[in-house]
Amino acid sequence: IKDSADFLFRGSTVGYKLFISENLWSVEADAGQISQVIHNILLNAKEAMPRGGIVDICAENVNICSEDGIPLKEGKYVKISIKDQGVGITQEHIQRIFDPYFTTKEMSSIKGTGLGLAVVYSIIKNHDGYISVKSKASAGTAFHIYLPACTEEFVSTQISGDKGGK
């Protein structure tokens, strides 16, 4: 999360605040795919704030139960929230933002293809998770991602950033 935010917002008028809960539960996930999810959402946030602003990013442990109204099995999840101060998404468009090729941007390889959020949705669904969005035009957007927490003791496999130097 931090690496994606640092990369995307470097030299930008957009900044971020990051809060990661202590003792955040592990999730069994493809790190590259989850990185792509975070990258795509943060890129949209950056583009939604052409005059700058702050993106709030939070990762926390949550227990989901049927009363929460979230279409997931009851249990432990890691919730990642990304909230921007951007132009927001109209109610007319919000129902379609995860549809492939849907975009409000000019269609091109530079402006948009309408695949970023479709890919995000697919990756989260393939990880048995859920993503929701809340937005109002001119009032920013909030994405909430839920990924199942590991129920067993999980050994993390991390790729080392070591480049052979001391």
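The model is predicted, so local features are considered only at pLDDT of at least 70 and side-chain atom pairs only at 80 or more, while totals for chains, interfaces and linings use all residues. Residues are numbered from 1 along each chain as its sequence is written, and side-chain values use heavy atoms, with hydrogens and water left out.

Let me start with confidence. The mean pLDDT, the predictor's confidence in each residue from 0 to 100, is 87 for the chain, and 84% of its residues reach 70 or more. Over residues 159-166 the pLDDT is below 50, and this stretch has zero contacts in the model beyond near neighbours in sequence, a contact being heavy atoms within 4.5 Å.

Turning to the fold, the chain holds four helices and five strands, which are DSSP runs (helices H or I, at least four residues; strands E, at least two) numbered from the N terminus. Along the sequence they follow the pattern α-β-α-β-β-α-α-β-β. Of the 166 residues, 37% count as buried, that is, under 20% relative accessible area with a 1.4 Å probe, protein chains only.

Now the helix pair. Two packed helices are described by the angle and the distance between their axes. The axes of helix H1 (residues 2-9) and helix H2 (residues 31-47) come within 9 Å and cross at roughly 35 degrees; axes here are lines fitted to C-alpha atoms over the stretch in contact, with angles from 0 to 180 degrees between N-to-C directions. Among the residues making this contact are Phe-7 and Leu-8 of H1 and Ile-38 and Leu-42 of H2.

Technical notes. Buried < 20%, exposed > 50% of the residue type's maximum accessible area, 1.4 Å probe, protein only.
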